[in-house]
Each structure stands twice: as C-alpha cells, then as structure tokens.
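Open the model in your viewer and keep the selection panel at hand. Each stop says what to select and what is there.

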There are 2 protein chains.
Amino acid sequence: MRYESTQQAMEALKKLQQTQKAYDHVLGVLYLDATTAAPGDTWEGRGKTMEIMSQITYDLLADPQNGELLSYLEEHARELDPQTKREAEVLGKNYRQLQRIPAEEYVAYSVLLNDAQNVWKKAKKEDDFPSFAPYLEKIVDYNRKFAGYYNPNVPPYDALLNEYEEGMCMETLDRFFRELRESLVPLIARVKAAEQIDDSFLHKHYPVEVQRKFSDYLMEVMGMDRSHCGIAETEHPYTTNFNNKDVRITTHYYEDNLVSSMFSVIHEGGHALYELGADDRYNYTALSGGVSMGIHESQSRFYENIIGRSPAFAHAIFPKVKEFFPEQLEGVEEEDFYRAINKAEPSLIRIEADELTYTLHIMVRYEIEKQLIAGTLAVCHVPREWKRLYREYLGVEVPNDTLGCLQDSHWSGGSFGYFPSYALGSAYGAQMLVKMQEDLGDIWADVARGDLSKVTGWLREHIHRHASFYKPGELFRSVCGEFDPKFYTDYLTEKYTRLYRL
Amino acid sequence: MRYESTQQAMEALKKLQQTQKAYDHVLGVLYLDATTAAPGDTWEGRGKTMEIMSQITYDLLADPQNGELLSYLEEHARELDPQTKREAEVLGKNYRQLQRIPAEEYVAYSVLLNDAQNVWKKAKKEDDFPSFAPYLEKIVDYNRKFAGYYNPNVPPYDALLNEYEEGMCMETLDRFFRELRESLVPLIARVKAAEQIDDSFLHKHYPVEVQRKFSDYLMEVMGMDRSHCGIAETEHPYTTNFNNKDVRITTHYYEDNLVSSMFSVIHEGGHALYELGADDRYNYTALSGGVSMGIHESQSRFYENIIGRSPAFAHAIFPKVKEFFPEQLEGVEEEDFYRAINKAEPSLIRIEADELTYTLHIMVRYEIEKQLIAGTLAVCHVPREWKRLYREYLGVEVPNDTLGCLQDSHWSGGSFGYFPSYALGSAYGAQMLVKMQEDLGDIWADVARGDLSKVTGWLREHIHRHASFYKPGELFRSVCGEFDPKFYTDYLTEKYTRLYRL
C-alpha cells in the first residue's frame, strides 16, 4: 500500500478532484466559447484541442494509482468524514466504470459519436432516416454492451437509466408513465375540444435589444446574483457552471416570439439557481454541481412552469412586460397574457411543447428507447413506431422524420436513458410544491409581488445546498417522502381544468 | 537513449507540441472568457483553475524526458528537415530556460506577480507609488537574476530584451532611440508651435451600436475572413489566436470618441492578419503564431498608422464613415477627417498617444528599465526620473504617478524588456513600406479604393506565412536588409511636415 495514512490518501483524493474540476472548467469554457462567440469556421482546431484534452482527462481518471487510492479509502472508510466518504464513492464508481470499458471500445465509440453527430444533422435536414439508421444501430449496440459493463445484474436499460438518475429503473418509470398517460391523454383530449386560447399577440415583432433587457429584468426578479451568473446567446439555450460562483445561462431570441426566450431564461435560471445555491464545501470536488438530470430538471421546470406560468407570477411581471413592449401588448390584459403563456396544444416538436403535453413527448421516446435497448424493436422500425405513438398519445400525425424521430440530438449523442429525466423532473417539482406549501404556507402572495426569496430559500435549504452529496432518490425522499406521480397529474388536471374552463 | 529512431523522436516532439498547443488554447479561451463575458465576481474559481493548469503546463515542459528527447534531436540534427530542426531549437531553448530557473523561484515569482498586480492596481488608483515600490524592487531583483539564467554571458537587460525580440540588444536600441530622439524631439517642437488641428467632431456622441457596425465594416475593408476571426469587447483591446484559423480581436467603445475603437480595430486587425496568414504547416507546433512582439507590432502599427492614418485610406472610408455618422460629421470634409485622425500632441498616457509622439513614450520606459536592471537607478527614484524624461522628450509636466510611472501594467506583470518592441515595430513597418513599394510600385491608388489585397498579399508572402520559423532579425533582414531607423524618421518627418504645413 503506498499511502502511509488516511490523511495522505485524503490529500491525494482532494488533489485528483481539484485537477478534474480544473479540466472540467477549461473544457466547459471551450464549449461556451464554441457556442456563443467562436467564428463559424473554427471547429477544426477546437476539435483537435478537445481530442487531446479528452484523452488527458481519460488518462487522469483511468490511472491505476487511482485504483489503489480508492481501494485504500474504501478500506479505511470508517475513518472518513461523510463528505470524503461520498467523494470516494462517486469517484470509485466512475473509476471502475472506466476500467470496465476496454480503452479501444471507448475510443471507437467516441469516433462513432462524432461521425454520427454529423450524419444525424444531415439526415435531419434532408429527412433521410435510412442514412442515419446504421449509425443508430451501432450506437444502440454499444449502449447495450456498456450497460453490461455498468451493471451486469440488471436489465440493460435500467443500467443506462441509472447513469442519469442513480437508482432509477423501468419498474418505477413504467408506473410513472402509465399514470401520466391515463390521466393526461383524456385531459388533453378535453383541452383540444375546448375553446382555444388566442396567443397571437405573443407573436408580434419583439426586437432583440428589448428582449435582452427583458432577460435582465427576469433574472432580477428571480433574485439571481449577476456578479456570479452571466447570460449569453446560443442556438439552443443551456446552463453551464464552472463552480458555485460562476454559472452561465444562455438563451435564444426570436423576434416573432416573446415567450420562447422568456421561458428559456426562467428555465435556465432555475438550473443556475440550483448551481449557485450549492454549499461552498463541495466546490472543486466530485460532489460539486447538481446531483442528477432529474433533480436538475425539477428545479428548472419548477421555475419555468410552476412559478413562471402561474397566475401570481403573471400578475407580478405583467406591468413591467407592458412597459417593455407597450405597442405589442396594447389592449392585452393580465388574464389574456396568463392564458396565452399557458396555451396547450398537441404538437410535433418536444422543445416547443407546452407544460401539459410535454411529458407525452418524453413518453414516446421512453417507449422506443426501452424497446431498442431490450432488442425488441429494430432501428429500421423506429420511424413507424414514433408515428404510431404520437398518434396514440398526442393525437397528431407526424408528416416526416425531420419533425419526427430525427428531431432530437440525444440518440446521435449516445444518450440513451436521459429523456425520462425531463418528465421525472416535472413530476418531482409538483411534489416539492406541495411539501413547500406545507412548510411555508401559501407562497403565492409573495410570488404575486415578484418576491421569490422564500421559494428560492426553501429550495436552497432542501435541494440546492446539498449539491451531489446525496443520491437523487435519497435527496428527494428526505424532502418529499416517496415519489408519487399523482401530485403532478393532480397539479396539471387542476390547472388546465380551470384554465380551459373544462 | 530511449529513442530507437529519429522518426520516433520526431513523433514524440510532435505530440509534445500538440499537447502544449492544446493547453495554450484552453488557457487562451479562459482568458478570453475572463475579459469578455465572465461575470464580475468569478475570479476566485478561475484563479484556482489557472493555478492548476499553470503547474500542469510547467510540468509538461520541465519533464526530464523532454531533455532526453531534445538532446537526441540535437545529436541527430542533420537528419531533420528544417522545420523540425527549428521546432526542436525553440523547444530546447524554452526547456533549458525552465531548467535553469529553480522551481521554488519560479513559484515564488508567480506568487509575487499575482500580488504585485493587485497592489499596482490599487496604487495606480490612489496615486500611491510608495506602496508599490517594494514589489517593484523584488520584481526587478528577480528579473536581474532570471536574466543571468537566460544568458549569463551578456548584460542582464540584453538577456531580457532577447526574450521578447530574439537577438535584440542595448547597442542596437541605444542607436535606434538616439536617432529617434534627435529627429523627433525637434519635429514635435515645431508641430507644437504650428497651427493646431481641430478634431472636436471626433468627440461628439457616437452610439456604441453604430460603432459596432462600423467595426464590421473596417474588418471587411481590411479583408478579414470573419469565419476565422471574431471581435469582442474588453477594457483594453487585444488580439489572441488559438491557431491560424481561429483568431479573436477585441476593442473598447467610447461613446464620446469615434477613433479610439476605430484604430483599435485596425491595429488589432493587423495583429490578426499576421496570425491568420501563417502557413498551415506551423499549426500545433512551437512555430505557430507571430515570431516576436516587435514583428507583431510592425504589422499592427503598419495597418493602424501607415495604412489606417494615410490620406488614401481616409479617402477610401470617408463616404462610409459619413453614412454611419451623418449627423456627427455634418459639414466635415475628407481633409478635415484625415487631419483630425492624425492630430499630434505631446501627452501623458502612452496608449492614447498619437503616431508622432508614441515612440517617445517608449523611450522614457526604455531608459528607466535599462537603469533599473543595470542597478544604476533605485526604484524609489523612478517617479522623479519619469517626470524628468517626460519633460525632456515630450515637454510635458507629469502631475502625479497615476498619470506617470504607474500607468502601465507591464512592470507589475514582470515584463522588463517588452516596451522597446512597440517602437521597433513602428520603425520596422516604415522600412517594410519602402521595400513593399519597391516591389509593388505605388500602393496608394489601391488603398484609396479600399482595396488592401496587394498590401496584405505582400505582407503575407514576406512576413505572415512564415509564422515563427525564422528568428525576428533574420526574417526582417531577409525582407528589408539591415534595419535602419532612418526610414521611420524620414517617414514621420515627411508626413508631419506636410500635415502641419511646417
């Protein structure tokens, strides 16, 4: 054993994590630059740098010395404080996983994904699923194989789900989605039959310069500390964080759409508040940052939908919205605005879907992924299955694969098991709302005054500050008890029944 | 010897350089982010990442295996192609230099510079030279010591000059600055006595949004490929390059000043064209990028002053300038514009100095650095010497140290020997102009049409494409013959005699 004391091993662990975080930081900035500022034709050099850096970070973790270190710490687990113990556990998991994947498969898979990304982009543009199918087949094969490396004792798709939401499995998700389906599909049918909401005023001309100032205002209402959180513009909005004092969100402005960027800012703002709220003690460790995709989406979708699309929030911001856009919103009342930002309508594109129909888009993807990974659906039949499920769940006809199974980048990026997190996050949020109101009493009077401090304070106390210290299921249960999708279906049923006067 | 063949050693050399360039890239992007986009209070985390990355890049070069590699290549120099030979030479120089500086001194110096930077900022703000003096003393001591490590066989300041301009020495610079002084000091006195130029219209209100579009126009006139060159905004303009296909310039807009950003864009554009024009073969090697500060400034100041402040260029862009700013420039004629952008006036601040007086600012710094490093001037007497020299060379009274010896960041950053490059670059450019016209004939008709393709083509052919393959002196001589400051003093004398109708 090369460690002379637990103290020495803990220092080595600390150094390893700090180094990893430094690489995460520079790679994150490289990506931020690529998507926000880099000139169009600069991919080649960046690709080279990323390739070299990826190899270095792979080697950094795969170093057999880490195996020794992590074994030593495991053997001395009883001498470790809880944080260090959990750090070693997380790193140990990552290390063993990397060890299990043969290096040549890891490299071949990286190359495949890189090619697949380009092929997918072209296929999407040209509505040409067959050109993408051979790549998707290989990606599915790799994922089935990797699932066996991750955990050979569970069905492959469970092993993949566990990568994005530790502890998640098909049994839970099947029940979850079944309940959603049973309650939402008929609700959506009733909404479709009801009198439709006019949201045409949201699609007048909204100049980008004014929308930029509007974003600043929204971030202010959300109570975001701008000295630690920047905003930039990208094709697709996202949030990235380098540590709990340096978080960036992005948005995309459309001049014919007021709400696209508005809700991107609030959604990404929710992710950012989660990262900004982490306790300093987790900085530069494997426990920094949000714990899972599901918990992350619970925060972003909480702010976006539960708060951002509430009557109280609409009341709080509407006077200011009218100040920013007096001509566009002439004659529009607060109630019109509230109803318009909540308009629900089954549609084809996930990322443009409203709060009510969104999870059904996820359900389609879940069903298909499950079958692909189980080997019960051939890749060539994905378009057919996609169309069938959209008809069944959303009642819409998918005219082509560009607007169908080629719309998302997740599969070409190798992310199988990721989609369910979006739906889970929405449902987690609804259950948190109930718990929050048990603790705080009515929150809506504050929200209606544009004061989110109590809401954010509660989330910080129960979720944000813990970063990745607890496993996602543990964290959720410690706050809300057992996960129950009924909170979410009740929330949607009540909201949309009232909104559409059903 | 662990290398089995020259081929194997060359591959190791290539890999080392590519890895170094990847780190340069990510650290460059980190700096770009810090200065353009990062929220205000995010320095702590970035500092930690930079500290870790600096140590890693230090270790990368200092690795004793590199010593073996470089010795092997030196022994087999005759088997190497000229490029590889030069790569090994450059890396060998860097490696040996790093070996000579004891690691603990390197670290202590880094810590000192970091502290000094903060102390200097505060001292500048509060006009408090004495608080900065102890730091400057230590920095001077370190530089004298390091000079001995770099080259113990020459006077220390020569060793430092050589770091920024390989082959440069005090003998050359003393002659250079003497000639400048003898011809410029009386010329400036005559300009001061002549009728002054009215440039008040350049200080009307120039909105930033329009200035941004004006920058795009200037970059277009300069023939810059925007798919490989971005522009951003920073407190102080600069240029950075990640490879010859990814270059970024920055500028700073002042709403009460049209020309500050205009000439920043043209100046940084000159640096960028140099980087963009490098031959692909030098990418990801130690020979990528401009060869020295002096040659770099020769390009930036060539575009900024020789081209950008020429009557022909003023003629080319003036109609468009009036289109951008019709109200501000009402009644202003092309000749007024040309004269205004060339107004010369002895002043206190180097970075705001005009073309004529700029090199005298450098000369002050050169004289002081020379004495500090020689040990013939005590740090506590710098303010007095600064004031004396400004009076002697520029005829201006320096009212305090904020506007005097505390104005620049170079000394607190440890850059002794850097300043002369600015003056050298200006003089190199004037000599290149003569050579260019010998080769191309009159260039001004093209420039007057806004066509810089021949000018840039000549510079690309003779300077840009070679990146760092030739040493700066070698490169300059191969194009222009022996360096002679008379070209520069003649150029300035002729230009300002005509401009001020002396």
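**Stop 1: a loop residue in chain B**

Select B:Phe201, in the loop between α8 (170-193) and α9 (208-221) of chain B. Bear in mind throughout that this is a predicted model. Is B:Phe201 buried, exposed or partly exposed? Count its C-beta neighbours inside 10 Å: there are 16, so B:Phe201 falls in the partly exposed class.

Now show what B:Phe201 touches. Leaving out residues up to four places away in sequence, the list is B:Gln328, B:Leu329, B:Val332 and B:Ala340. Then draw a distance from B:Phe201 to B:Glu461. The two are 260 residues apart in sequence, and C-alpha to C-alpha they are 39 Å apart in space.

**Stop 2: the sheet of chain B**

Stay in chain B and select its strands. Three of them form an open sheet in the order β1-β3-β2, and the pairing is mixed. Which strands stand at the edges? They are β1 (229-233) and β2 (239-243) of chain B. Each has a single partner strand, so one side of each has no neighbour in the sheet. From one strand to the next, the twist averages 20°.

Zoom in on β1(B) and β3 (residues 246-251) of chain B. They pair in the parallel sense, over five bridges. For a landmark, pick B:Glu233: its bridge partner in β3(B) is B:Thr251.

**Stop 3**

Switch to chain A and select its strands. Here too is an open sheet of three strands, ordered β1-β3-β2, with mixed pairing. β1 and β2 of chain A are the edge strands, and each pairs on one side only. Ignoring direction, neighbouring strands are turned by 20° against each other on average.

Take the pairings one by one. β1(A) and β3(A) run parallel and are joined by five bridges. Across that pairing, A:Ile231 stands opposite A:Ile249 in β3(A). β2(A) and β3 (residues 246-251) of chain A run antiparallel, joined by four bridges. There, A:Thr240 has A:Arg248 as its bridge partner in β3(A).

Now color β3(A) by burial. How many of its residues are buried? The count is six of six.

**Stop 4: chain A as a whole**

Along the principal axes, its C-alpha trace spans about 75 × 50 × 50 Å.

Color chain A by burial: buried residues make up 45% of its 502 residues. Of the contacts in chain A with a separation of 6 or more, 72% are between residues 24 or more positions apart.

**Stop 5: where the chains meet**

Show both chains and select the contact between them. Chain A gives 32 residues, and chain B gives 32 residues. On the chain A side, α1 (6-36), α2 (43-62), β1 (229-233) and β2 (239-243) each supply at least two residues. The largest share, nine residues, comes from α1(A). By type, the chain A side divides into 14 nonpolar, 11 polar and seven charged residues.

Compare the two sides. Of the interface residues of chain A, 100% are also interface residues in chain B, so the copies meet through the same surface.

Finish by superposing chain A on chain B. What rotation does it take? The rotation is 180°, with 0.0 Å of shift along its axis and an RMSD of 0.0 Å. That is the relation of a two-fold axis. To find the axis in chain A, select A:Val26: its C-alpha is the nearest one, 2.9 Å from the axis.

Methods
Residues numbered from 1 in each chain as written. Chains lettered and ligands numbered in written order. Predicted model: local features only at pLDDT ≥ 70, side-chain atom pairs only at ≥ 80, totals over all residues. Contact = placed C-beta atoms within 7 Å. Nonpolar A, V, L, I, M, F, W, Y, C, P; charged D, E, K, R; others polar. Pairing = 2+ DSSP bridges. Axes fitted to C-alpha atoms, helices over the stretch in contact; angles between N-to-C directions. Least-squares fit on C-alpha atoms with pLDDT ≥ 70 in both. Buried ≥ 20, exposed ≤ 12 C-beta atoms within 10 Å, placed from the backbone.
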